[in-house]
Amino acid sequence: MTSTAAHTVGRSATHGWEDITSWVRQRGVYIALALVILYNVIFTAHFNQWDTVQLLFAQMPPVLIVSMGMALVIGTGGIDLSVGATMAIASAVLAKFVAPASSHGLGSPIALAIAMALLAGLAVGVFNGTVVAVGRVQPIVATLSLLVAGRGVALVITGGALVELFDPFLKVVRQGQVFGIADVMIVAAAIAVVVSVLVRRTTLGYRLVAIGGNRRAAVLAGVPVRSTLITVYAISGVFAAVAGLIATARLRASDPSYIGLLMELSAITAVVVGGTPLKGGQVRVLGTVAGAVLMQLLQTTLLAHNIPNSVSEMVEALIIVAAVYIQRPSRSAA
Amino acid sequence: MTAPAEFAGTRRTLSTRSVTSLVSRNGAFGVLVVVMVIGFLTVPSFGTADNLRNTALAASFLAIISAGMTFVIISGGIDLSVGSLYALAVILSADMSSHGSWAAIGVPIAACAFAGLVQGLIIARLRLPPFIVTLAGLTGIRGLVFYITKEGNSHPSVPGKPFFETVSRGSFLTIQNPVWIALAVFAVGWYVLNRTAFGQAVQAVGGNDTSAALMGLPVRRVKVIVYAISGVAVGISGVLSTGLSGGGQEARVGNAYELSAIAAVVIGGTLLSGGVGSIVGTLFGITLLYVIQNLIVQGFNLNSYVQQVVSGVFLLVVVILQAVFSRRSETE
C-alpha cells in the first residue's frame, strides 16, 4: 500500500525517468547491439571492413534460422530442445541419400536428398507438435526425449561415422554470393521476413500468440489449438533441417555428433536476449535477429581482443541474465 | 473459525497428490522390476553380483545430482547448471587435494553451494525465469571451469590422500561407498521433503507460489534454498567422482548431465510443472536409466548411439503415460 502511494506521489517528478527506463526496457537488445558495434568500430582493428561483415554473414545463418522457429515455439509458451538433434538428423538424411554407394549412400540426386532432409525435419516437428498438443506432454520434456534420442537416430542413419560430401551443390551453398552477400544469409533474411509477416499479419500468427498468452482462453475463443501447435513445431523442425543443411555444406561433411551441437541453447538465448518472454504470448522477430547477432558479435569481439574462450563464456552468461533482467516486464504491467 | 476448513482442504489436496505420486512412482518402480526380471532371465552376465555392483556405482554420481534436482523441480523450477557445476566440483576437488582431504571435500561443496545460492537469489529476488538463469549458469560455470583449467589444458590430479580417496574407493558389505552415500542422500532428501515444514513448503511453492505466499510461506527463501541444495548435491557427487578417479579429468566432464538428471526426475514421477513429486521415484528413475544402459551394453551388444535412441524413446513413453495419468487424476 505504502509503495503504491509513494509511487503516485513521485510520479510527476520521476515521469521522465520512467519514460527513459521503459524506452530502454523495450529496446534493450538494440541498444546493447549498437554499443557492441560502436565499441568495435572504435577499438577493434580491422573491424570496419567488408570481410568482417562477410565472416559474420557466413557464420550467422544456421543460428538465425533456428532462432526464428524457436521464437515461434516460445511464442506459444513452449520450447523446442530438439532443434540441434533435428539439424543432425537432416544432415544424416542428406548424407544417406546423396553419398555414393561406395560410402553406404543411395547415390540419389541432390534435389531428392535435400527434399528428404527437409521432410525429416518436418516429420520431427510434427512428431514434437503432436506429443505436445495431443499427448499434452510439457514441451520441455517432449522435446527433451528427441534431444536425447535424435542424435542417436542420426548416428544410426550414417552408421555412426562422419560422411564426407563432395556434391557440387553444397559448394554453391557454401560459397555462393549475390552482390557480395552470401546466399545463405539471403535465405536467412528471407526466412526472418516471412516469420515476421507470419506473426503480424496471418491467422496462424494471431493464434500462436493467443495460445501462448492463455491456452484455456484460446480454446474457449475457438482457436484450433492442436493444429496450430503442430504447425508451429513443424515449422521449427523444417527450419532446423534447413540450418542443418547449411551447416553440413559449411563443414563439407555430415558429422551427426557435431552438427547442431548445443544449438538449442544458442537459439533459446537469441530469442530470450531479443526480448521474447519465455512464458509465451509474444514473439519479437527483429529482437531475436538482434539477439542472435549480438551474441555472435560478442564472441567475435572478445576473440579479436585475445580474451580466452573461457572468459567469453562467463561474459555471455552475464549478458544473458542482464538482458533478461533489463527487459523483464515492469511490475505495473504484470 | 476458518482453521478447520483450511485443514480439510489441505488434507484433500495432500491425498490427491499422494495418489498421483503413488501411481507415477509405482510406474517407474514397476518398469524397473520388469526390466530387471527380463535382464536376469535373458542376459546371463547382467545378474552377476559384480555387474550389479558396478552398475550401482556408476549410477550413484548422477543419482546424487538427481536428488538435488528433485527439490528444484518440485519447487517449480529447473536447474540446467548441474552438468557444469559437477565439472567445477570435480576440478576444484582435484585442485584442492594438495591442501589435504578436507579442502578437497569442503571447498568444492562450498563453491557449488555458493553457485546454487547465487542462482537461487537471482531467480527469487529478481524474479527471472529459472530456465534462463540456470542456462546462463550452464554457460558461465563451464567457462569458469575452462578458466581454472587454463582453457582445458591442465588436468589436476590427486596426489595420494588416504582419507579422501577411501571415502570414494572403500566399500562396506562389499558395496562401494558412493552407493551408500547416494542412498544416504536420498534418505535425508526423503526425510526433508516429506517430514519437515521446509519440505512441505517446497511442495506448496511448486504447486502455486501465489497461494503459498498468501499462506505466509517464505516463498523466496524456499526458492533460494532449493538451488543451494542442488548445488550441495552436485558438489558431493563431484567430490566422490574425483576421489574415485584420482583426478585428471577433462574440463568437459559432466557435459549434458543436466539432461540425464532431469530425465531421471521426470521418469520417477515428478511433474515438471512443480508441486507434485517423489524423491524415491527419482531413485528408481536413475536406476532404471542405468540398468537399461547396462542391459544394452551387456546383452544386446548395441552401439552407444542405439543406446541413446532407446533411452530417448523410453523417456518419451514414460512422459506420455505420465501425462495421461496426471490428467486422469485431475478429472477425478
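Helices here are DSSP runs of H or I with at least four residues, strands are runs of E with at least two, and both are numbered from the N terminus. Of the 19 residues of H5(B), 16 are buried, so this helix is largely enclosed by the rest of the structure; a residue is termed buried if 20 or more other C-beta atoms lie within 10 Å of its own, exposed if 12 or fewer do, and partly exposed in between, with C-beta atoms placed from the backbone. Just after H5(B), Lys150(B) adopts a positive phi of about 55°.

Residues are numbered from 1 along each chain as its sequence is written, and chains are lettered from A and ligands numbered from 1 in the order in which they are written. Because the model is predicted, local features require pLDDT of at least 70 and side-chain atom pairs count only at pLDDT 80 or more, whereas totals for chains, interfaces and linings use all residues.

Chain B as a whole contains 13 helices and two strands, and 53% of its 332 residues are buried. Among the contacts in chain B with a separation of 6 or more, 79% join residues 24 or more positions apart, a contact being counted if the C-beta atoms of two residues, placed from the backbone, lie within 7 Å.

The contact between the chains takes 39 residues from chain B and 37 residues from chain A. On the side of chain B that touches chain A, at least two residues are supplied by each of H5, helix H11 (257-267) and helix H13 (304-331). By class, that side of chain B has 26 nonpolar, nine polar and four charged residues, where Ala, Val, Leu, Ile, Met, Phe, Trp, Tyr, Cys and Pro count as nonpolar, Asp, Glu, Lys and Arg as charged, and the others, Gly among them, as polar.

In chain A, helix H11 has 27 residues, for which 1.5 Å a residue predicts 39 Å, in agreement with the 39 Å between its end C-alpha atoms. H11(A) is mostly covered, with 21 of its 27 residues buried, and is followed by Arg252(A), whose phi is positive, near 65°. Arg226(A) lies in this helix, which covers residues 225-251, and counts as partly exposed because it has 15 C-beta neighbours inside 10 Å. Beyond residues up to four places away in sequence, Arg226(A) touches Ala133(A) and Val134(A), while Thr130(A), 96 residues from Arg226(A) in sequence, is 7.7 Å from it in space, C-alpha to C-alpha.

Note on methods: Expected span 1.5 Å × (residues − 1).
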